[in-house]
Every structure is written in structure tokens, then in C-alpha cells.
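Welcome, and please keep the sequence and the 3D view side by side while you read. We will begin with a pocket and then move on to other parts of the model.

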Amino acid sequence: MKLAEALQERADLDRRIQQLQQRLANNAIVQEGEQPSEDPTELLTELDGCMANLEQLIARINLTNCHTMLEGKSLTESLARRDVLKWKLSAYREMANIASQVGHRATRTEIKLFSTVNVKELQKQADEMAKELRLLDNAIQAANWTTDLE
């Protein structure tokens with residue numbers, strides 16, 4: 001099994017677990033004299049099985065990520081870099097957007113707002129980060145589809 005397939009399976013298990021949790025909640029209590037539409041004991045057994053499978057799958061994915069090298073770094077390090085780039089890019093884009101909205105005065109007595117940053121330079125940095133993020137994400141995706149799960 002390739003790493004990408006394992007990641008898809010993990011996402012499927014996540015969804016399945018969320019569904020089971022909702023079904024458990026829907027069948028946890030009933031009115032006196034009524035029966036639940038599903039047996040909570042069976043649902044719990046299924047949930048436990050899904051959780052055990054998820055735990056094993058996550059461990060295997062993490063091991064594979066640690067041992068897989070991508071441009072001189074482990075896949076784990078590359079994933080951390082990608083996550084941080086996403087957050088940093090979001091912060092830069094938000095700052096540039098806010099700094100661009102200095103507004104216009106209708107009269108001379110209104111307060112005039114000034115940007116505290118160079119919006120053009122901030123946007124240029126954000127564009128460079130976006131490019132790096134795109135290239136890194138492409139490399140990660142390629143590695144996911146060519147790496148066997150440990």
C-alpha cells in the first residue's frame with residue numbers, strides 16, 4: 001500500500017468514527033418503553049475496531065513519514081514546513097489586506113488612517129511563500145504516491 005492510499009484510508013476511518021459517534025449519540029437514550037433504532041453495544045464494538053485500526057494506521061504513517069526523505073529532509077519535517085507556511089501565508093495575506101484598506105476621508109475633520117507596513121513588499125513576500133508552499137505541496141504529494149507504507 002502506498003502512503004497516499006493510507007492517508008485516504010485514514011480520512012475514511014476519521015469519517016467513519018465521526019458517523020459512529022453521531023449514531024451512538026442518537027441511540028444513547030430513548031423514551032421509556034421504546035427501543036433504540038440501533039444497538040449501542042454493537043456500535044461501540046464497531047467504534048472500538050475502527051479506533052484500533054486508526055491507531056495502527058497512524059503509527060505506520062508516522063513511521064513512514066519519519067523514514068522517507070524529501071529533498072534532504074524527512075517527510076515529517078516537510079509536512080511541518082508546509083503547515084507553518086500555510087499559517088504564515090495566511091497571516092501575511094491578512095495583514096496586507098487590512099493594511100490596504102486605509103479608507104478615504106469625506107471631510108478634513110475625519111481621522112486619516114495610514115498603513116504601518118509596505119503593502120507592496122508584504123504582498124511580494126506572500127506571493128513568494130505561496131510559490132514555495134505550492135512547490136512543497138507538490139513534492140509531498142508526489143512522495144505520498146511513490147512511497148510504500150511501512
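## The second largest pocket

Leu70, Glu71, Lys73, Glu77, Ser78, Arg81, Glu132, Leu135 and Leu136 form the lining of the second largest pocket. α3 and α4 are the elements that give two or more residues to this lining. Helices here are DSSP runs of H or I with at least four residues, strands are runs of E with at least two, and both are numbered from the N terminus. A pocket is an open set of points on a 1 Å grid over the protein atoms alone, where a 1.4 Å probe fits and protein lies on both sides within 12 Å along at least five of seven lines; lining residues have an atom within 4 Å of a point.

By class, this second largest pocket is lined by three nonpolar, one polar and five charged residues. Ala, Val, Leu, Ile, Met, Phe, Trp, Tyr, Cys and Pro count as nonpolar, Asp, Glu, Lys and Arg as charged, and the others, Gly among them, as polar. The space in the second largest pocket comes to about 160 Å³. Such a volume is the space filled by probe spheres set on the grid points, which are joined across faces, edges and corners.

## How to read the model

This is a predicted model, in which local features need pLDDT of at least 70 and side-chain atom pairs count only at pLDDT 80 or more, while totals for chains, interfaces and linings use all residues. Residues are numbered from 1 along each chain as its sequence is written, and side-chain values use heavy atoms, with hydrogens and water left out.

## The largest pocket

Which residues line the largest pocket? They are Ala4, Leu7, Gln8, Arg10, Asn65, Leu75, Leu79, Arg82, Ile140, Gln141, Asn144 and Trp145. At least two residues of this lining come from each of α1, α3 and α4. The volume of the largest pocket is about 190 Å³, and its lining has six nonpolar, four polar and two charged residues.

## The nonpolar core

The largest nonpolar core has 25 residues, and Leu57, Ile61, Leu70, Leu75, Leu89 and Leu149 touch the most other members. Two or more residues of this core come from each of α1, α2, α3 (75-100) and α4 (119-146). Helix α4 gives the most, with eight residues. A nonpolar core is a set of buried Ala, Val, Leu, Ile, Met, Phe, Trp, Tyr and Cys residues joined through side-chain atoms within 4.5 Å. In soluble globular proteins, nonpolar side chains tend to be buried together.

Leucine 70 touches Leu75, Ser78, Ala139, Ile140 and Ala143, not counting residues up to four places away in sequence; contact means heavy atoms within 4.5 Å. Alanine 143 is in helix α4 and counts as buried because its relative accessibility is 9%. Buried means under 20% relative accessible area, exposed over 50%, and partly exposed in between (1.4 Å probe, protein chains only). With neighbours within four places in sequence left aside, alanine 143 is in contact with Leu70 and Leu75.

## Around the two strands

Glutamate 71 sits in the loop between β1 (69-70) and β2, and its relative accessibility of 71% makes it exposed. The phi of glutamate 71 is positive, about 55°, although this residue is not a glycine. Most residues other than glycine have a negative phi.

Is serine 74 buried or exposed? Serine 74 counts as buried, because its relative accessibility is 10%. Serine 74 belongs to strand β2 (residues 73-74) and, leaving aside neighbours within four places in sequence, is in contact with Asn65, Cys66, Thr68 and Met69.

## The loop between α1 and α2

Asparagine 27 lies in the loop between α1 (3-26) and α2 (40-67), and at 5% relative accessibility it counts as buried. Not counting residues up to four places away in sequence, asparagine 27 touches Pro36, Ser37, Glu38, Pro40 and Leu43. The side chain of asparagine 27 makes a polar contact with that of serine 37 (2.9 Å). A polar contact is a pair of N or O atoms within 3.5 Å; within protein, one must be able to donate a hydrogen and the other to accept it, and residues adjacent in sequence count only if both atoms are side-chain atoms. A polar atom of the asparagine 27 side chain also lies 2.7 Å from the backbone oxygen of arginine 23.

Alanine 28 is in the loop between α1 and α2 too, but counts as exposed at 57% relative accessibility.
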